[in-house]
Structure formats: C-alpha cells, structure tokens
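Subject: Structure handover

Dear colleague,

Please find the structure below. My notes on what turned up in it follow.

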Amino acid sequence: MGRKDSVWSLGEGQAPEELDKPIDTPPLSILLIEKPQSGTVAVGGDITFVAKVEAKDLLRKPTIKWFKGKWMDLASKTGKHLQLKETFDRFTKIHTFEMHIIKAKENYAGNYRCEVTYKDKFDSCSFDLEVKETEQGSQNIDIRSAFKRREPKQQDDTPEVDVWEILKNARPDEYEKIAFMYGITDLRGLLRRMKKIPKEEKKSEAFAKKLEPAYQVDKGGKIRLVVDLADPTVELKWYKNGQEIRPTPKYIFEHKGTQRIMVINNCTVNDDAAYSVAAGDEKCSTELFVKELPIKIVKGIEPVKTTVNERIELECEVSEEGAQVKWMKNGVEVPTGVRSRYRVKCEGTKHYLVIDDASREDTGTYSIMATGGTSEAHIQVDLKPLKIYQDLQDMTVLLGQPLKLHCEIYPGNVPGRWYRNGQLIQPNDRLNIIHRNKVHRLEIETTSLHDAGDYTFVPEGYSQSLSAKIHIIDPPRVHLDSLNFPDNTVTIVAGNKLRLEIPISGEPAPRVVWMKGERVILESGHRVRAETYGDQTSLTIEVTEREDSGNYKIVLQNEAGEATASVKIKVVDIPDPPEAPLVPVVGGDWCSMSWEPPKYDGGSPILGYFVERKKKQSSRWMRLNFDLIKETTFEPKKMIEGVPYEVRIFAVNAIGVSKPSEPSKAFIPLAVTSEPTMLVVDDITDNTVTVKWRPPETIGAAGLDGYLVEYCIEGSESSSNQLRPPQTELTEKTKYTITGLTPGCKILVRVKAINAAGASAPRTLQHSILVKEVIEPPKIRVPRHLKQTYTRRVGEAVNLVVPFLGKPRPKVMWLKDGKPIEPSHVSIRNTDCDSIIFIRKAERSHSGKYEMTVQVENHMDTAIIDIQIVDLPGPPQCVTIEDVWGGNVALVWTPPKDNGNAPITGYTIQKADKKTMEWYTCIEHYHRTCITITELVVGNEYFFRIFSENMCGLSETATQTKKSALIVKEGLQLKMPEYNDHDFKEAPKFTQPLINTFAIAGYNTTLNCSVRANPRPKVIWMKNKIVIVDDPRYRMFSNQGVCTLEIRKPSPYDGGLYTCKAINDLGEAQVDCKLEVKGQ
C-alpha cells in the first residue's frame, strides 16, 4: 500500500503517451527578458530558477506568481524547503525574481509555471523540474507538509490507501478527480511511472483495442478517436461527458474493418471533455485536451507623419478572425469609449485605429498587442506654418480708460489664447475677446491697475506668440473706507498683536511713510514697524501697550502725486483692580460691603463687578454672582455664623476681568440672639421688684454675654426707657431685682439678651407692676426622700436642702429633739427660698428628730426630719459552748451591747483548730443567737468566734469562746491535763516594709508589705497622709499578715507617698514608700 502524497498541483491531465512529445515554442515574451529554464536535481539537492523583467517602461514593480501544475500558488508554501526572493538593480533597471528549492525530494518533480503581470500586460513561462532518485529508491514524500511552517505533529489515524491501484483501475477522465481527492501533487510524474510499469492487460470480450487514456489537439485542429472491436457486429455508442454523441458535420463516424473511428473537426475549448465508447456491456473512456494557439500578428502597423486636423488610420492584420487585441499609446491602453477621440474597428482579421481630427497631442508610439506578439509604429503630428500680418503694439493707458489690443495672423481658423503676465485671460463682463477670421482682439472697457502688464497672444498649436506691454498710470490713494472703522479709529486690546493693513493704490507703486506725531516709523523697528508691499501698507505692533494709543499719519508719494490719511489707534485693557472693599455691617449669615471704582477703567467703561469670598483659613475663593453687579455695594448671604470670612472684588469692562482687589479685613458673621422667653415677676417688695426669665431659644455662634434689664415708671415720659442701675454692667443670671423703687408706683420692665452682635429684641411684661409687697403664707416643701428616716453612716457628710415658700422672707428656726441646734456641731444656712442643713462628718450623736419652723408674721409652718447616723455594731456580749457530742458543738451567745444605731441583721460564726488557729467561716448572715456546728473532725480541738452584722456590715471584732471544744471518739473518756495558756498578744510589727516603686501609666501596680500582730490588726492605707476610703481605683487585700494595695491603671497624678498603718489594742505601726508613675 502506498501512502497518501501531499498536493502541489493537478498537472495538465495529458495521456502518458503524449508526455514525452515536444511542446510548441511559445510566442515571444513581452515582459520577461530571461525565463526560468527546466532543470534536474538529485534528491536532497538545491536548485534555483531565475526570471528577469526589464523595468524601463514600467512605472511600478510588476507582480509575479509561481505555480506548480495548474492551480497551486507556491507563495503560500514558502518555508524550510521553498524560498522566493526579489531584487532590483537601479543601474540596469532590471527586476530579478528567484525561486529556491532546498533539499529537493522525489515528489517535487513536475511542471512549474511563472506568471508576470503589469497593469494590462501579461506574460508567463512553463518549465519542468526532474528529481533523480537515489540508489536506495524513491519514497513518497509529503511536499506540502514540507513547505508548511513547523507545527506540532499530530497522529494521523487515516488508513493508508493504495493510490497506484486506484489509478491503474480508473478511467483517464477520473485522473484529476482522484489526484485532488488523495492529494497527489505530481500527476504527470505518476502517469509517467504508470507508463513504465508493465501492464497486465485484461482481455476484453468486446474490444480488441481500447481508446488511449488521453488525447491532445490544438484549437481548430482535427482529432481521431479509434477503437478496434473484437466483434464487428456489436452496436457501438459514443458519449461526451456522459451525453450520447449524434453524427453531425463536427462529429463524423467512420468504419474500417473492425475499427470504429470518431473524427472531431475544428476543435474548440468546448471539446475539452471526457469521451467514452460503449460496446454492449463493456465501456472504455478517454480524455481530450484542447490546446489554444497564440494569436500572431501577420501584418504590423506602419509609421505615420502628418499635420494637425488631418485623419490618421492605423491598420494591422492578425492570424485569426475575432481575435482580441489591445491598442496602446506610449505603453498605455488607448481609451475607446463613446466620447473618445479614438475609434477602433475590425474587419475579419484586420484591425484599425482611427483618429479623425489629429492634434499635436496624438504624437507618440502606438502599438497593438496580441497573445502571440506585438507591433508598434511612431506617429508624428506637426503644426501648419504660421504667418503674422499685424503684431501687437505697446500702449500706455490712463486708469479707467478703455484698452484695445489687435493682431492679425494666418491661417485664420486657428484659435488662440490671451495671457497677462503669464496668466490665462478669461472673458467676462468687463473684458471681451473677439476672433473673426484672421483678426484677434482683446477689449477692456475700463482699465484698472490689474490690467497693466505683459500681454501675450498664443495661437493654439504653435510655438510662436505675439506680445505687447501695457502701462497704467494712477495717482496714489489711501482706501480707509474699506476698513469699516468708525471715525477711522482702531481699537485693540493691550498685550495683543496689532497688524493694521490698509489698502493703497497708485501706479507706479507709491512710497509710503508712517508717522506718529513727528516720529517716523521705520520698517526695521523691533516692536513697532511699518511695511509696504503690493497694494497695501501695514502697521505692526507686536505687543500693544497703553502708550501706543494716538493718531498715526500715512503719507503716499509717487510721480503722479501725493496723498495723506490718518488713523487713530486706541489701546484698551482690562481695568485696574479696585481698592480693598469695606464691610461696615455684619449679620448672622450676611454682611454689607461697599467699594470704590478702579482708578483706571482700561479705556473702556466699567460694565460691572464680580464678588468673591472665602474663609480666612482657606485658599479657595468662591464667586458669589454670575451676573455683573452694576452698583458698588453688595450683600453676600448664606455664610456660616461664627466663621471668619474675607471678600474681594473684580472689575469688568468690555475687554475682560481685572485682577482681584486686595481682600477685605476679616469679619465674622454674628447674629443677635432671639428675645428672652417667659419673662415673669418673681417677687415684689415695697421698694424692689424681682423678675426672672428663661434664656433665648436661639443663641447663635456669638454666644450670650448677658442680659440688660430696663424699666420705666408708667406715665413718666422723662424717665422712659431708663436703664436699670448700674448701666455699665450686664447680668449673667436669668433673675434680677430692681431696687430703689418708690412704694406704690407702677413700672414697666423689659429684658434684652446681649452678645457680640448686639442686643436682641426686648421681651416686655404685658402689664405694669405695682410696687407693693404681698404677704404669702409660708409653706415647707419637704422633699420625698426626707419624708422617711434619712440614714447615713458615721463619717459621711449630711447635706439636706429643704425648700419653702413665703413672702416677705420667712424666718426659719431649727430644733433637735426639742432643743436648739448647736452651730458648732451642725451648720445651717438659710436663703429666701430654702434652708440647708450641713454636717461635714456625721457622728452617732447627730441622730435624732430635727424640727424646721418657717414663720411669716403670724403665719407658721412646721416639718420634722428624722436623721439616723449608723455605725458598725459591737461584737456579741458572751459566747459559750453549751454541749459537745460526736462531731457536733452547740453554741449560745447574747446580742451585742452596741447595735451601731441600727438593727442587727445577722451573725457570722467562724471556727479555728487550736493547733493552727486559722479561722474558717462556718455560716454567714445567721439570725438566731444559738447554733449547732456539725461535721467537726474527731481528735481536733476547736475555738469559735462570732461577728455581729447590721446594715453597715460586720462588727470590727468578734467574741471568742473562752474554752475549746475537743471532739473525741464516742465511748472513750480522755481526761485532758490542764495547761496555762500562753499569751500570744503583741503589738503590730512590720516584718517586711514597703519598697519605693516605679510604675508605668496605664498598667496596674501593687504595693506589698507584711505585718505581725495579735489580735489581728486593722490595716489602713494612706496617700500623702490622707486615708484612702471607697476609691474604686484602689483595691486592698490582707491575707496571713501580707498586706497588698492594688492601684488600677495609675496616672502620673497617682504618684506620691503611700503609707500602710496597722492598729490593734496593744499599739500601732506604719511603713512608708514612694511611688513614681512614668508616662508611656
């Protein structure tokens, strides 16, 4: 089985017998000057094919294509084994095209073709490549995959096909189809090999000799298809592409013995097809290829020399009628459309190109191009001789006068063109061109300066011309009216470039002088210069300034006269910035501002002003108006009260906006408060009136400085609006007493709130006040918490406020338990409306019933307040062991003698082993005076003590049993010897003192010391000699004689001298240390 080959082309499809026949020589090339030649290369070798094109008559590079077979373009197959190269020699004007085949393989062999195209020119050339096999034998190589760029190899699962067997058993008309289906690249080579392979002829029952596999014939030629029958009696049918062929003059059937012949006459391209013949059930087929012959030029065109307006006819004869040819002029195809000057006609094999009215432009090289060759000839069209009867004359004409130019030439029917200074003249309303036979005239009704110059008449088609010079004279003029400047005044913005161009006239060209005052402006000036060119003069100021304003004079002089004119230049600019604005009035969210107009308005009236403001601490200005303000005052609004602001001004004229003014002095929008509220009369005496009120509902950012109380006596005009004394001071309180009034008079009172923004609207009493005291019976308003017993601990402060009513000011008296209160023990302070009783450090002796009496003349009111000062209770009076049995002990005790001035709420019972004397609580908050302690350890001897408890806490000391209770095992009687108890009592003594400590702020720290004492001492902590009591920042611990003070998250203010003091009945002791708290 042979493997599937890659495809380059399908070949020509010729029969194997005709592959070795010589090929007719193609016609001469019209583009290729060197064609690629057929070559031979060994497998694995390299070969190069070269084609050259001459580029002398080509405007751009021609297009070249390389093909293998009929249809495959090799440009897409370039890669490792195929390379295409192009070069151009600028000296010889030759394009060189090369095709390199690298490491040739066996199936690279075949027919190749090179095609060159340039516009409508076309040329091609075919050549063969033969690849010689090596001794190891040829192998089928995939040339297309070799020409492809490297790609990852993929596994081909397609089963292999024996193409040789398929071609051997196929009809010739199916060769190309099989080659395309199975990717055969070199069909010619395969057919050549098939020819060399010995064929095993199958003996046919109907045919003694079948048709050949393929036939080839030239276009217009004749071909004979011959078969030899084994049985002459068999009926025979011929087919073309499957359609049965009937006898016609084109198809002729002949019989010669056993031979059956079909003759095809005058073969055309349509006869290129597959043919078959059927004899009974058997059938044989072949393929006919029709080759077109090139069209040859039998008789070429001949050169022509003639004159203009004559008829030209070029004739050429070709080898075949109806052939397609192209007519070219100087290498460009001749247009033959309906409106073309060229006509093309064909009569049989003759072709004609006709030019009816020849002109000089028709001179050139004409050629005719056919597929088999070209023919060219030169056509020369000359002018007829020209005769001048009357030439043009030089003239001098005044401006505005008519001008007539006249000349006569032969031949008379020759048109011509008029030129002025080399420019073509076209007729118009003012200018008329006349041509009558030999006469040519140019008439201008009214001359202008533009009409001066050199006039030329050029006869069409001739190199000769007629010339004359026309001179126009005109006095100088300055044309200011065309500028459309009112009053000849030019306005320019300062800083811009001014170029003032003024039209002038005069012939010859006048001399121009610009002047400002007595100063002449030169052309060589740097910033200000004058220039004159053509029909205008200009004044240029590169950067205009205010000083450039003024009158400018223009003086024109020539030989025809003198003219003067003046132009006024006005330089305008933006105005100067205004002065800093003033802010005389300021409100809560607004202000009033004013300013003066700028000293210089820029030469243009001030149209208005823009106002901007900003906060003083900010750098961002905000524009307050988008429409110009015509006045010089403005009221900005919507400002934030209490924030300092600045404002500035921009002046605007027609030129633009000025620079900003200097900012105003900073100002703060402040608003007066609203009026005071709820103004009422609080008290009236014979010579005073007391009023009170509440603060205003709205105060604002300016705050509240105080209140101003004003009054006037009703009916007195002279004392109207008299200020309360003293007039220079404000009251900050919301209550005020007006003194020094006359009894029986009536007054009107009003109050104003005052702040930095001024006084608010007054709040006035609706009715007048009669100055006369009113008696009001006393009334004590005892607070709710004082209506029951008021309890405090010993050492706490007592501060009671008892309000009362009554007018005039009542008399207040206090009694304790029916006796006057000593001021040294209790402080009492009375006001007009309340009485305060204060005890700095309460003691139990301060307990009792306090009676308060309030009296106004004969009216009286009394209230009793019960104050109870409580303290810790004393220990129970006597604790005895009633009985001991098993692991149980029965205790009995009597209530304490001192209950701390509060009921006893319970008891706490503790036990201690005699060996260790460490006390453990057995029960707390016990209410009875007898108890049984259970679950005691046998063999241990116990002491017991009891603390009493009230609302203040446990008693400071406990009462201990004098005897101990021995827990013995039941049934045994142990008689304990009596020992004298050792006295362990001792005064407090610190075994470990306090140490100076450094602490970090924010982190808890502790102070530690140890003390030994019996009985257990009371430990007191002090800071800077002040006892620490109920302070949540401190926690105190005492365990087994170790005393600890914990300071929670200390600050630098917690540093100082700390003291630990231990006290018992036998004495006291203390230790000190310094604590320093450092910041983080």
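**A histidine and its surroundings**

His351 is buried, at 4% relative accessible area (buried is under 20%, exposed over 50%, partly exposed in between; 1.4 Å probe, protein chains only). Before going on, note that this is a predicted model: local features need pLDDT of at least 70, side-chain atom pairs count only at pLDDT 80 or more, and totals for chains, interfaces and linings use all residues. Residues are numbered from 1 along each chain as its sequence is written, and side-chain values use heavy atoms, without hydrogens and water.

His351 sits in strand β25, residues 350–355 (strands are DSSP runs of E, at least two residues, numbered from the N terminus). Beyond its neighbours within four places in sequence, His351 contacts Cys316, Cys346, Trp327 and Ile368, among others (contact: heavy atoms within 4.5 Å).

**Cysteines**

Cys316 is buried, at 0% relative accessibility. Cys930 is partly exposed, at 38%. The whole structure has zero disulfides (cysteine sulfur pairs within 2.5 Å).

**A three-stranded sheet**

The strand order is β68-β69-β72, in an open, antiparallel sheet (strands pair if DSSP finds at least two bridges between them). β68 (879–885) and β72 (930–933) are the edges; each has a single partner strand, so one side of each lacks a neighbour in the sheet. Neighbouring strands are turned by 20° against each other on average, direction ignored (axes are lines fitted to C-alpha atoms; angles run from 0 to 180 degrees between N-to-C directions). β69 (888–893) pairs with β72 over four bridges, antiparallel. Ala890 has Thr932 of β72 as its bridge partner.

Best regards
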